[in-house]
Amino acid sequence: MNKVIDFRSDTVTRPSQAMRHAMMQAEVGDDVYGDDPSVNCLQSKLAEMAGHEAGLLVASGTQSNLIALLTHCGRGDEYIVGQQYHTYLYESGGAASLGGIVPQPVPVESDGSLSLSAIEAVIKPKDIHYACSTLLSLENTHLGKVLSNGYLAGAIELARQHGLKTHLDGARVFNACVAQKLSLESITAQFDTVSICCSKGLGAPIGSVLCGPRDFIEAAKRWRKMVGGGMRQAGILAAGIEYALDHNVLRLEEDHDHASSLQIGLSKIQELRVENAHTNMLYVELESREMGIRLGEYLKQRGILISAGKRIRLVTHLDINHTDIEQMLHHCEQFFSN
Ligand SMILES: *Cc1c(COP(=O)(O)O)cnc(C)c1O
């Protein structure tokens with residue numbers, strides 16, 4: 001079977017033989033009883049790496065963010081979030097519909113941040129007319145863009161001054177670490193809580209970990225049970241994730257290099273408006289949606305998958321190598337030279 005080169009997302013990675021082997025060897029128990037040694041080991045390990053007291057393995061990034069929001073905020077509380085952030089836009093309105101939590105979106109700046117003055121402007125006074133501003137939720141990376149630690153420190157400081165808790169949707173925070181050559185802890189420890197996806201660039205098949213203070217994680221366990229996220233012999237998943245932490249973090253740099261190579265190569269094609277690749281994502285705009293659809297069809301016939309449209313997102317990951325990048329560039333050049 002010919003290899004399919006899949007640029008749609010870094011969630012498409014498949015567990016390697018070595019990762020499957022680690023999963024097969026996993027010691028397991030019933031994690032709802034707290035008895036799964038592999039889950040317990042992973043949770044402590046990642047929490048420590050993130051500079052937090054405790055961690056909780058959950059089914060997905062969406063579930064992790066939902067549980068964080070449900071634990072931080074009660075009914076009638078408000079969280080401040082980017083209008084285009086995943087937690088607000090792509091999680092089916094879970095916080096509002098399941099938790100009665102009021103979202104207060106603010107526009108996202110071109111660098112992926114929320115301006116501090118925009119945040120400050122929507123924080124409500126303590127007054128019965130308003131929802132209670134309770135939490136600031138940021139995202140790093142956002143559309144592949146890295147938020148600097150200087151920015152994060154300022155945003156957290158502002159939140160604290162106003163008595164808000166802070167949550168980081170760090171679905172791809174390891175990409176931010178590798179891009180800046182910083183430890184995970186240096187980015188995540190200052191937040192009250194952080195959610196980390198393991199099924200994206202890290203290449204594990206399933207799972208996210210929510211990290212925070214021990215009492216927070218204890219409370220989060222109840223919400224995880226309520227939303228149906230109490231898993232049993234989840235050590236099989238935890239072992240795959242632990243393998244990913246040991247083997248697949250530093251190699252994210254290759255993904256970033258591949259995204260840069262794509263940027264350089266595609267920039268030579270006149271019909272394309274190519275944005276900067278900051279980490280493992282590249283956005284490319286075409287003249288029309290129709291042209292994007294035709295390009296998508298053309299590439300599909302040649303074993304390359306993209307999310308076709310007017311603005312195309314290309315994501316690099318551990319199942320895409322240097323030759324695949326060359327293939328992609330070659331076929332794009334061919335398509336536009338016809
Ligand atoms: C992928 C992603 C999530 C979680 O997605 P799941 O598919 O539920 O694991 C959360 N936030 C961001 C920024 C993401 O990219």
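Q: Before we start, where do the domain bounds come from?
A: Domain bounds come from an automatic or database domain assignment. Keep in mind that this is a predicted model.

Q: OK, which domains does the assignment give here?
A: It gives domain 1, residues 17-247, and domain 2, residues 251-337.

Q: How far apart are the C-alpha centres of domain 1 and domain 2?
A: Those centres lie 30 Å apart.

Q: And how many residues does the contact take from each domain?
A: Domain 1 gives 15 residues to the contact, and domain 2 gives 11 residues.

Q: Let's look at sheets. What is the order of the 7 strands in their open sheet?
A: The order is β2-β8-β7-β6-β5-β3-β4. The pairing in this sheet is mixed.

Q: Which strands are at the edges there?
A: β2 (54-58) and β4 (102-106) are the edge strands. Each of them pairs on one side only.

Q: What about the twist?
A: From one strand to the next, the twist averages 20 degrees.

Q: Which residue stands opposite Ile-196?
A: That is Val-209, in β8.

Q: Which strands does helix α7 touch?
A: Helix α7 (residues 149-161) packs on the sheet and touches β5 (132-139) and β6 (165-170). The direction of α7 makes about 170 degrees with that of β5.

Q: What joins Asn-140 and Thr-141?
A: A cis peptide bond, with omega about 0 degrees.

Q: Where is Thr-141?
A: Thr-141 sits in the loop between β5 and α7.

Q: And Ser-92, what is its phi?
A: Ser-92 has a positive phi of about 60 degrees, although Ser-92 is not a glycine. You'll find Ser-92 in the loop between α4 (86-89) and α5 (94-99).

Q: New topic, the ligand. Which residues surround it?
A: Among them are Ser-60, Gly-61, Thr-62, His-86, Glu-139, Asp-169, Arg-172, Cys-197 and Lys-200.

Q: How many Å is it from an oxygen atom of the ligand to the side chain of Thr-62?
A: An N or O atom in the Thr-62 side chain is 2.6 Å from a ligand oxygen.

Q: And for Lys-200?
A: An N or O atom in the Lys-200 side chain is 2.7 Å from an oxygen atom of the ligand.

Q: What about Arg-172?
A: A polar side-chain atom of Arg-172 lies 2.9 Å from a ligand oxygen.

Q: How much of the ligand does the protein bury?
A: The protein buries 80% of the 380 Å² that the ligand exposes when taken alone.

Q: Last topic, the open sheet of 3 strands. What is its order?
A: The order is β9-β10-β12, and the pairing is antiparallel. The edge strands are β9 (273-274) and β12 (311-315).

Q: How many bridges join β9 to β10?
A: There are 2 bridges between β9 and β10, and β10 is residues 281-285. Val-274 stands opposite Val-284 in β10.

Q: Which helix lies across this sheet's strands?
A: Helix α12 (residues 252-267) lies across β9, β10 and β12. It runs at about 20 degrees to β10.

Definitions and conventions: Residues numbered from 1 in each chain as written. Predicted model: local features only at pLDDT ≥ 70, side-chain atom pairs only at ≥ 80, totals over all residues. Heavy atoms only, no water. Pairing = 2+ DSSP bridges. Helix = DSSP H or I, 4+ residues; strand = E, 2+ residues; numbered from the N terminus. Contact = heavy atoms within 4.5 Å. Axes fitted to C-alpha atoms, helices over the stretch in contact; angles between N-to-C directions. Near = heavy atom within 4 Å. Polar contact = N/O pair within 3.5 Å; in protein donor to acceptor, adjacent residues only side chain to side chain. Areas by Shrake-Rupley, 256 points an atom, 1.4 Å probe, with all protein chains shown as cover.
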